[in-house]
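Take a look at the picture first, then read on.

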Amino acid sequence: MSLVIVGSLAFDTIQTPWERRERIVGGSCTYCSLAASFFTSPKIVGVVGEDFPEETIQFFKSRNIDTEGLEVRPGKTFFWEGHYGYDPNQRETIKTEMNVFRDFRPKLPASYRKAKIVFLANIDPDLQDKIVTQMENPAVVAMDTINFWIATKPEAIWRVLEKVNILFANEEEIKMLSREINIIKAARKVLAKGPHLVVTKKGEHGALVFSRDFVFGVLGHPCEDVVDPTGAGDSFAGGFLGYLDKTGKLSRPELRKAAVFGSVMASFAIENFGIERFKTLRPEEIEKRFREFRRLVSF
Ligand code: AMP
């Protein structure tokens, strides 16, 4: 199969209770494609300004990420600032600057349109819609979103959801979108709109995968030292979809394994600031952590 990922490429300023980092490389597409690159060769769609480091683009290429759909435009790269409290699941968005994303009209390269899996990572839902309509015959359309878009463009999100098979979002976001306080009711509301799977991420605690006829729970890897929780959600989606793309199967057991690989990739992303951990990560470490996950839940 093949995997197209559209989303943000960003500079992030991150503050945790212990440390602050200014303008480090981040973005939903960045995290997701790097995580997926350990399973397959993803094709990315997005826009950056002339200030985006060439070194990062070279890093993408070295990981076999196809950058044909990445535009470099005059202007500044998307910027986001987030602060975390002592609970890594609680974060506050301090600033969001769209910059070059404001006038971005994504156009999929011809070589991308036949891809079988497309991931609409967290960006403006109207842009997500524009991408999905350019795909020829995808087997899986997945999407993610965050509270910023749920608060500002909920109707646009519901519109895209009608074309989506898998929704990834944090538990609070799914509750906020469906205006339900119970996660099962909230997931059912989303499933009624079209998606076959709702992956509700629960931060460091893992995720619950809801379908119309089964629920599957996956733990987060117990991590003593969460350095920077940013990108955990996108890395989860990258591991999940990258694994599905690699196996080419959508059976129930493969979906379960995909969720575990998602959790594994998220657990690596948070071990260092920004994308640093992906620069040193080796496939053997992924396999080892996957085996640890199996031991953790077998009884
Ligand atoms: P995650 O921690 O996986 O939920 O995603 C974090 C990434 O999302 C950061 O690297 C940000 O640059 C990016 N991000 C934050 N807000 C937005 C937004 N409104 N649109 C697109 N990307 C965003």
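## Around the ligand

With three residues, helix 8 gives the most to the shell around the ligand. Helices (H or I, at least four residues) and strands (E, at least two) are DSSP runs, numbered from the N terminus. This is a predicted model, in which local features need pLDDT of at least 70 and side-chain atom pairs count only at pLDDT 80 or more, while totals for chains, interfaces and linings use all residues. Residues are numbered from 1 along each chain as its sequence is written, and side-chain values use heavy atoms, with hydrogens and water left out.

The ligand is surrounded by 18 residues, and the closest are Ser 8, Asp 12, Gly 27, Gly 231 and Asp 234. The shell holds eight nonpolar, seven polar and three charged residues. In this count, Ala, Val, Leu, Ile, Met, Phe, Trp, Tyr, Cys and Pro are nonpolar, Asp, Glu, Lys and Arg are charged, and the others, Gly among them, are polar.

## Polar contacts and cover

Which atoms of Gly 27, Asn 122 and Trp 149 face the ligand's own N or O atoms? For Gly 27, a polar backbone atom is 2.7 Å from an oxygen atom of the ligand. For Asn 122, a backbone N or O atom lies 3.3 Å from a ligand nitrogen. Trp 149 uses its side chain instead: an N or O atom there is 3.4 Å from a nitrogen atom of the ligand. A polar contact is a pair of N or O atoms within 3.5 Å; within protein, one must be able to donate a hydrogen and the other to accept it, and residues adjacent in sequence count only if both atoms are side-chain atoms.

The ligand taken alone exposes 510 Å², and the protein buries 96% of that. Such areas come from the Shrake-Rupley method with a 1.4 Å probe; for residues, only the protein chains shown count as cover. Two or more residues of the shell come from each of strand 2 (10-15), strand 6 (78-84), helix 4 (147-152) and helix 8 (232-247).

Two strands pair if DSSP finds at least two bridges between them. Strand 2 and strand 6 run parallel over six bridges, and Ile 14 has Gly 82 in strand 6 as its bridge partner.

Strand 1 (residues 3-6) runs parallel to strand 8, joined by four bridges, and Val 6 stands opposite Leu 120 in strand 8. Val 6 also stands opposite Val 45 in strand 4.

## Buried or exposed?

Strand 8 (residues 117-120) is covered on both faces: Ile 117 and Phe 119 on one side, and Val 118 and Leu 120 on the other, are all buried. Buried means under 20% relative accessible area, exposed over 50%, and partly exposed in between (1.4 Å probe, protein chains only). Helix 1 (residues 28-36) is mostly covered too, with nine of its nine residues buried.

Ala 151 sits in helix 4. Why does Ala 151 count as exposed? Because its relative accessibility is 56%.

Key: A residue is near a molecule or strand if one of its heavy atoms lies within 4 Å of it.
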